Amino acid sequence: MTGNNFIAGQWVPVERRREVLSPANTGEVLGSIGLSAPQAAQEAVAAARKAQRGWKAMGMVNRGNLLFQAAAALEAHLDELAELATREMGKPISETRGEAMRAVAILRYYAGEGYRAVGEVIPAANPNALQYTEREPLGVVAIVTPWNFPLAIPIWKIAPALIYGNAVVFKPAEWSSLTAVRMVELIGSIFPAGVLNLILGLGTEVGEALVQHPDIDGISFTGSTGVGSHIAAVATQKGIKYQTEMGGKNPVIVAADADLDLAVEATVSGAMRSAGQKCTATSRVIVEEAIHDAFAERLTARTQSLKLGNPLEPDTYLGPVVSELQYQKVQHFISVGQQEGARLLTGDDGRAGGAPGFYIAPTIFDGVDPGATIAQEEIFGPVVGILSVQSLDEAIQVANNIRYGLSASVFTRSLATAMRFVHEIEAGLVRVNDETAGVELQAPFGGVKGSSSHSREQGRAAIEFYTHVKTVSIRAL
Ligand code: NAD
């Protein structure tokens, strides 16, 4: 497959290219992607600017109808999209299929927004005046995405951007660009030329040129905290709106009265699905001392039963991590964990041995110090650390003692414990007796502290980012 740019409704070949290798079998070449020069960002922004006025003028109901068409176009190719995403970034097919279905559902959700009210009628002092609010699109929005949800994250930004009347320049991650190309092949020409543009290439080159471009009106970014903080600074300097959804180091608290089977299953799922490469992945398990041994034993046994292997097989629980860089990063954290004195309960057990891909055995550390590197830094791999505490007080304090604040869970049968956790935990997504990952598309999504710029994505919350409020007063004569 050959990935190129889509600008002003045309596929534009990119000369400089990079091969895309399968993370499950590095001998397999899947295709190549263009590495655009910064000039591509100029062209794409110009095309979006030209198209945006007409797109806005079309009105929400008509735009919504095109989003319904886009949903149908993706739905007709669900299996193909899921397989491509799995081949390209290594997530098991059972998960990419769910993700493709979610992308379709998100498109339908925002298509439906085309029929819903967006403003309010507000009383005016003059009884002969009508005072109300409207929503105005930002204009041209830059959308920069990571590789770990190659279908859902782009769509949960593109769909609300479009329904509210913005034109889009979409720059996907280097490791998921073929999937992005196929999605845009399926939906790009449903919209008027220039409304949805795609540019491929390196973040530091064409990505940087896009976010620095003087003629964009907003940036929606999901990715690492380092890049997100840089983008936030660029947007602030330019005086444009931005949202940055970034890293996480998500805790699960297992109280002494927890349903242990549920807590084990949710921890394994939260930590190991997608090989731990979710911003909402469970990374720290904070366990009350009284049940520590029983929990650690069951967690280890369940983790050792997981199938690590070819992500195209339907019963694979976790596949490879996305790239050699990611593989080295995760292995580095595993070595650091050992050097810092944490106890390896399972991991590096030979299941990954011999495979020609970036496979890492699911890994559990016990006795992790709350200040240790593996308890503080986002690993983004199939690695989880157990931290033992004496009380709920200590558990909440340990959970909050971190620069991140994306998602957090508690497992308990006590309503009082649950309520206290809900009130005191510093996280944007808070869950009781459920895993840290897996928030629904109709609910607001986002974090606090270093995880997010505090804006929210998905659900009705997306309107707050993709529009400005215009207050209108009409006086009858
Ligand atoms: P990344 O920050 O390396 O890259 C994200 C995107 O930014 C890519 O498209 C990349 O090309 C682009 N980019 C890089 N440098 C840029 C620059 N200078 N200017 C403009 N664009 C640039 O992140 P990643 O490795 O692709 O994704 C993993 C990270 O994403 C993890 O930290 C994870 O927690 C985070 N993430 C967060 C959420 C969330 O909603 N909070 C969801 C998924 C992933």
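Start by selecting Y115, which sits in the loop between α4 (93–113) and β6 (121–122); helices (H or I, at least four residues) and strands (E, at least two) are DSSP runs numbered from the N terminus. What you have open is a predicted model, where local features need pLDDT of at least 70, side-chain atom pairs count only at pLDDT 80 or more, and totals for chains, interfaces and linings use all residues. Residues count from 1 along each chain as its sequence is written, and side-chain values use heavy atoms, leaving out hydrogens and water.

Is Y115 buried or exposed? Y115 is exposed, with a relative accessible area of 52% (exposed is over 50%, buried under 20%, partly exposed in between; 1.4 Å probe, protein chains only).

Now jump to the open sheet. Its 7 strands run in the order β15-β16-β17-β14-β13-β18-β19, with mixed pairing; strands pair if DSSP finds at least two bridges between them. Colour the edges, β15 (343–346) and β19 (429–432), each of which pairs on one side only. On average, neighbouring strands here are turned by 20 degrees against each other, direction ignored.

Next, pick helix α9 (residues 260–272): α9 packs on the sheet and touches β13, β14 (282–288), β16 (363–366), β17 (383–389) and β18 (contact means heavy atoms within 4.5 Å). Its direction makes about 155 degrees with that of β14; axes are lines fitted to C-alpha atoms, for helices over the stretch in contact, with angles from 0 to 180 degrees between N-to-C directions.

Last stop: zoom in on β13 (residues 250–254) and β18 (residues 407–411), parallel strands joined by 3 bridges. Here V254 stands opposite F411 in β18.
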